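Have a look at it before reading on.

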Amino acid sequence: MSAEIIIFAIVVAFAAATVQSVTGFGFSLTLVPLLAVAWEPKAAVPVSLLLGLATNIALLTQVRGQVTMRRLPGLYLGLIIGIPLGVLFLERVDADTLQITVGVVVFAATALLYFQPSIDVGHD
C-alpha cells in the first residue's frame with residue numbers, strides 16, 4: 001500500500017470523525033464509501049467498524065451518565081443479530097456487489113435523513 005493511499009485513508013478517517021462529532025452519527029456512512037475508492041470494499045468495511053468502535057468507546061466515557069439504559073437491550077439485540085449476518089454477507093459477496101450495496105445503503109440513509117430529519121429526543 002502506497003504512502004498516498006495511507007495518507008488518503010487518514011484524511012478520510014479524520015473527515016468521518018469530524019462528521020460524527022458534528023452530527024452525532026455518520027462515521028461509517030462517510031468512511032466506507034470514500035475508503036472504497038482507494039481500497040477494496042471488503043477491507044474498508046472492517047476498518048470502518050474498528051475505527052468506529054474506537055471512537056464510540058472514547059465517546060462513551062464522556063456521556064456515560066447520560067445514556068438511557070432501557071434503550072440498550074434493543075441496541076444489543078440488533079448488534080447480536082447484525083454482526084453475524086454482516087460477516088456472513090461480507091464473506092459471501094464479491095467486491096462489485098459489496099460496492100453496489102454500500103452505495104445503495106448510503107443513498108437510502110441519505111434519503112431517509114432528508115425526508116425524516118427531525119428526531120424527538122424529549123421522550124426516552
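The dialogue below takes a few features in turn.

Q: What kind of model is this, and how are residues numbered?

A: This is a predicted model, where local features need pLDDT of at least 70 and side-chain atom pairs count only at pLDDT 80 or more, while totals for chains, interfaces and linings use all residues. Residues are numbered from 1 along each chain as its sequence is written, and side-chain values use heavy atoms, leaving out hydrogens and water.

Q: Is Trp-39 buried or exposed?

A: Buried means under 20% relative accessible area, exposed over 50%, and partly exposed in between (1.4 Å probe, protein chains only). Trp-39 counts as buried because its relative accessible area is 18%. This residue is found in the loop between α2 (27-38) and α3 (41-63); helices here are DSSP runs of H or I with at least four residues, numbered from the N terminus.

Q: Which residues is Trp-39 in contact with, leaving aside neighbours within four places in sequence?

A: Contact means heavy atoms within 4.5 Å. By that rule, with those neighbours left aside, Trp-39 meets Met-1, Ile-5, Ala-9, Ala-44 and Val-47.

Q: Which residues make up the largest nonpolar core?

A: A nonpolar core is a set of buried Ala, Val, Leu, Ile, Met, Phe, Trp, Tyr and Cys residues joined through side-chain atoms within 4.5 Å. Here the largest one has 9 residues: Ala-9, Val-12, Ala-13, Ala-16, Phe-27, Leu-31, Leu-35, Trp-39 and Ala-44. Helices α1 (3-23) and α2 each supply at least two residues of this core, and the largest share, 4 residues, comes from α1. A second, separate core has 6 residues, including Val-45, Val-93, Leu-98 and Val-102.

Q: What does the side chain of Thr-30 reach?

A: A polar contact is a pair of N or O atoms within 3.5 Å; within protein, one must be able to donate a hydrogen and the other to accept it, and residues adjacent in sequence count only if both atoms are side-chain atoms. The Thr-30 side chain reaches the backbone oxygen of Gly-26 at 2.8 Å. Thr-30 lies in helix α2 and counts as buried because its relative accessibility is 18%.

Q: Where does Leu-79 lie, and is this residue buried or partly exposed?

A: Leu-79 lies in helix α4 (residues 72-92). With a relative accessible area of 43%, Leu-79 is partly exposed.
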